Amino acid sequence: MAKTSAGILLYKRKNNELQVFLVHPGGPFFTNKDVGVGSVPKGELEQGEDALAASRRGSEEETGCRPSGQFIPRSPVEQ
């Protein structure tokens with residue numbers, strides 16, 4: 001069965017330039033692979049959990065910070 005995860009694309013504008021926050025995936029597959037492997041912080045949905053709750057929890061687990069503010073839902077993508 002396919003797993004479903006949800007993430008938050010954190011961004012800001014600085015000096016009229018858009019900046020995004022990405023994390024480096026862990027695990028043995030990504031050892032010594034740095035170029036082009038960035039990902040949004042995300043969390044796997046637990047039973048009965050909604051996507052926003054999972055993405056906020058996952059972001060906190062991966063970065064130590066719990067995102068807050070205005071969230072803009074986007075269409076799902078498949079990796």
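In this predicted model, Ser 59 is in contact with Ile 8, Pro 41, Gly 64, Cys 65 and Pro 67, leaving aside its neighbours within four places in sequence. Ser 59 belongs to helix α1, and its relative accessibility of 0% places it among the buried residues. The protein as a whole has one helix and four strands, arranged along the sequence as β-β-β-β-α.

**Overall dimensions and surface**

- Taken along the principal axes, the C-alpha atoms of the protein fill a box of roughly 45 × 35 × 25 Å.
- The protein has 79 residues, of which 18% are buried.
- Its accessible surface amounts to about 6,700 Å², and carbon and sulfur atoms account for 51% of that area.
- Of the contacts between residues at least 6 apart in sequence, 40% join residues at least 24 apart.

- The whole structure contains four salt bridges.
- One of them pairs Arg 57 with Glu 46, with 4.0 Å between the closest N and O atoms. Because Arg 57 lies in helix α1 and Glu 46 in the loop between β4 and α1, this pair ties together parts that are eleven residues apart in sequence.
- Arg 57 also meets the side chain of Glu 49 in a salt bridge, at 2.9 Å from N to O.
- A further salt bridge links Arg 57 to Glu 61, where the closest N and O atoms are 3.3 Å apart. Glu 61 and Arg 57 are four residues apart in helix α1, so about one helical turn separates them.
- Through shared partners, the salt bridges join Glu 46, Glu 49, Arg 57 and Glu 61 into one network.
- Glu 46 is partly exposed at 48%, whereas Glu 61 is exposed at 57%.

- Asp 50 is located in the loop between β4 (42-44) and α1 (51-63).
- With a relative accessibility of 47%, Asp 50 counts as partly exposed.
- The side chain of Asp 50 reaches the backbone nitrogen of Ala 53 at a distance of 2.7 Å.
- Asp 50 and Phe 30 are separated by 20 residues in sequence and by 28 Å in space, C-alpha to C-alpha.

- Strand β2 (residues 10-14) runs antiparallel to strand β3 (residues 17-21), and five bridges join the two.
- Within this pairing, Leu 10 stands opposite Phe 21 in β3.
- The hairpin has two residues between its strands, and Asn 15 there takes a positive phi near 50°.
- Asn 16 is also placed in the loop between β2 and β3. Its phi is positive, at about 65°, although Asn 16 is not a glycine.
- Asn 16 is exposed, with 76% relative accessible area.

- Asn 32 is found in the loop between β3 and β4.
- Phi of Asn 32 is near 65°, a positive value in a residue other than glycine.
- The relative accessible area of Asn 32 is 77%, so the residue counts as exposed.

**A nonpolar surface patch**

- Leu 9, Tyr 11, Leu 18, Val 20, Leu 22 and Ile 72 form a nonpolar patch on the surface.
- Together these residues present about 600 Å² of accessible area.
- One member of the patch, Tyr 11, is found in strand β2.
- Tyr 11 is exposed, because its relative accessible area of 52% lies over the 50% cut-off for that class.

Definitions and conventions
Residues are numbered from 1 along each chain as its sequence is written. This is a predicted model: local features need pLDDT of at least 70, side-chain atom pairs count only at pLDDT 80 or more; totals for chains, interfaces and linings use all residues. Side-chain values use heavy atoms; hydrogens and water are left out. Patches are made of residues with over 30% relative accessible area and no salt bridge: like charges are joined within 9 Å, nonpolar side chains (Val, Leu, Ile, Met, Phe, Trp, Tyr) within 5 Å. Accessible areas come from the Shrake-Rupley method with a 1.4 Å probe; for residues, only the protein chains shown count as cover. Buried means under 20% relative accessible area, exposed over 50%, partly exposed in between (1.4 Å probe, protein chains only). A polar contact is a pair of N or O atoms within 3.5 Å; within protein, one must be able to donate a hydrogen and the other to accept it, and residues adjacent in sequence count only if both atoms are side-chain atoms. Contact means heavy atoms within 4.5 Å. Two strands pair if DSSP finds at least two bridges between them.
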